[in-house]
Amino acid sequence: MTAHVLVLARPDPENADIAKRYAEGVQPLLAAAGIAPTLRGPVAEALAQTGAGTDAGAEPPATAMMLDFPDVGAARAFFAQPSYQALIPLRDAGFLRMDIYLVG
C-alpha cells in the first residue's frame with residue numbers, strides 16, 4: 001500500500017548554499033529509489049496555525065513536497081539509510097524548518 005511522505009521546509013536564507021547541497025544530495029537518493037515528488041510547490045499562505053511549536057507570527061514553511069513510496073517500510077528505510085543519514089547535518093544547518101511526516 002502506498003505510503004505518502006509530506007515534507008514542509010523553510011530554507012535558511014543565510015545558509016542557502018548548505019540547503020542547496022542538501023537538496024543536491026537527496027535528489028540522487030530519491031532517483032535511485034525510483035521516487036519522484038508527486039507534488040512540489042511554494043506555500044502560498046497559512047490558513048490556520050495553532051498548537052505546540054507554532055509561535056504567534058511564525059512564518060509558515062516556504063515549500064511543500066509530497067513523496068509516494070511503495071509502502072511504509074520503503075519510506076522508513078529511505079530516511080534510515082546511511083546515505084540519507086549522512087545528509088542530516090546539511091539539512092539541519094541549511095533549513096530553519098524541515099518537517100517530514102508519514103501520512104496515512
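**Note on charged, aromatic and core residues**

1. Lys20 counts as exposed, its relative accessibility being 51%. The side chains of Glu24 and Lys20 form a salt bridge, 3.8 Å from N to O. A salt bridge here is a side-chain nitrogen of Lys or Arg within 4 Å of a carboxyl oxygen of Asp or Glu. Both Glu24 and Lys20 sit in helix α1, 4 residues apart, which is about one turn of the helix. Helices (H or I, at least four residues) and strands (E, at least two) are DSSP runs numbered from the N terminus.

2. On the basis of the note: the model is predicted, so local features need pLDDT of at least 70 and side-chain atom pairs count only at pLDDT 80 or more, while totals for chains, interfaces and linings use all residues. Residues are numbered from 1 along each chain as its sequence is written, and side-chain values use heavy atoms, with hydrogens and water left out.

3. How many salt bridges does the structure hold? There are 3 salt bridges. Arg97 is partly exposed, with a relative accessible area of 26%. Asp92 and Arg91 form a salt bridge as well, with their closest N and O atoms 3.2 Å apart. In general, side chains of opposite charge can pair when their charged atoms come close.

4. The side chains of Arg91 and Tyr84 are joined by a polar contact of 3.1 Å. A polar contact is a pair of N or O atoms within 3.5 Å; within protein, one must be able to donate a hydrogen and the other to accept it, and residues adjacent in sequence count only if both atoms are side-chain atoms. Setting aside neighbours within four places in sequence, Arg91 is in contact with Tyr22, Tyr84, Met98 and Ile100, where contact means heavy atoms within 4.5 Å.

5. Asp12 is a buried residue without a salt bridge; Arg10, the nearest side chain of opposite charge, is 9.5 Å away. For charge, Lys and Arg count as positive and Asp and Glu as negative, with His and the chain ends not counted. Asp12 is found in the loop between β1 (3-11) and α1 (16-32). Apart from residues up to four places away in sequence, Asp12 touches Ala93, Gly94, Phe95 and Leu96.

6. Asp68 belongs to strand β3, residues 63-69, and is partly exposed at 24% relative accessible area. Its side chain makes polar contacts with the side chains of His4 (2.6 Å) and Thr38 (3.5 Å). Residues that Asp68 touches, not counting those up to four places away in sequence, are Thr2, Ala3, His4, Ile35 and Thr38.

7. The largest nonpolar core has 22 residues, and those with the most contacts inside it are Val5, Tyr22, Leu67, Phe69, Phe78 and Tyr84. β1, α1, β3, α2 (72-80) and α4 (88-94) each supply at least two of its residues; α1 gives the most, with 6. Such a core is a set of buried Ala, Val, Leu, Ile, Met, Phe, Trp, Tyr and Cys residues joined through side-chain atoms within 4.5 Å. Leu67, leaving aside neighbours within four places in sequence, is in contact with residues including Ala3, Val5, Leu30 and Ile35.

8. The count of aromatic pairs comes to 7. Which kind of pair do Tyr22 and Phe95 form? Their pair is edge-to-face, 5.6 Å centre to centre and 80° between the planes. The pair links distant parts of the chain, Tyr22 in helix α1 and Phe95 in strand β4 (residues 95-103), 73 residues apart. Tyr22 is buried at 7% relative accessibility, and Phe95 is buried at 13%. Rings of Phe, Tyr and Trp (its six-membered ring) pair if their centres lie within 6.5 Å; planes under 30 degrees apart count as stacked, over 60 as edge-to-face and the rest as tilted.

9. Phe79 and Tyr84 have ring centres 5.1 Å apart and planes at 85°, so this pair is also edge-to-face. Phe79 is buried at 17% relative accessible area, and Tyr84 is buried at 1%. Ring pairs join Tyr22, Phe69, Phe78, Phe79, Tyr84 and Phe95 into a cluster.

How values were computed
Buried < 20%, exposed > 50% of the residue type's maximum accessible area, 1.4 Å probe, protein only.
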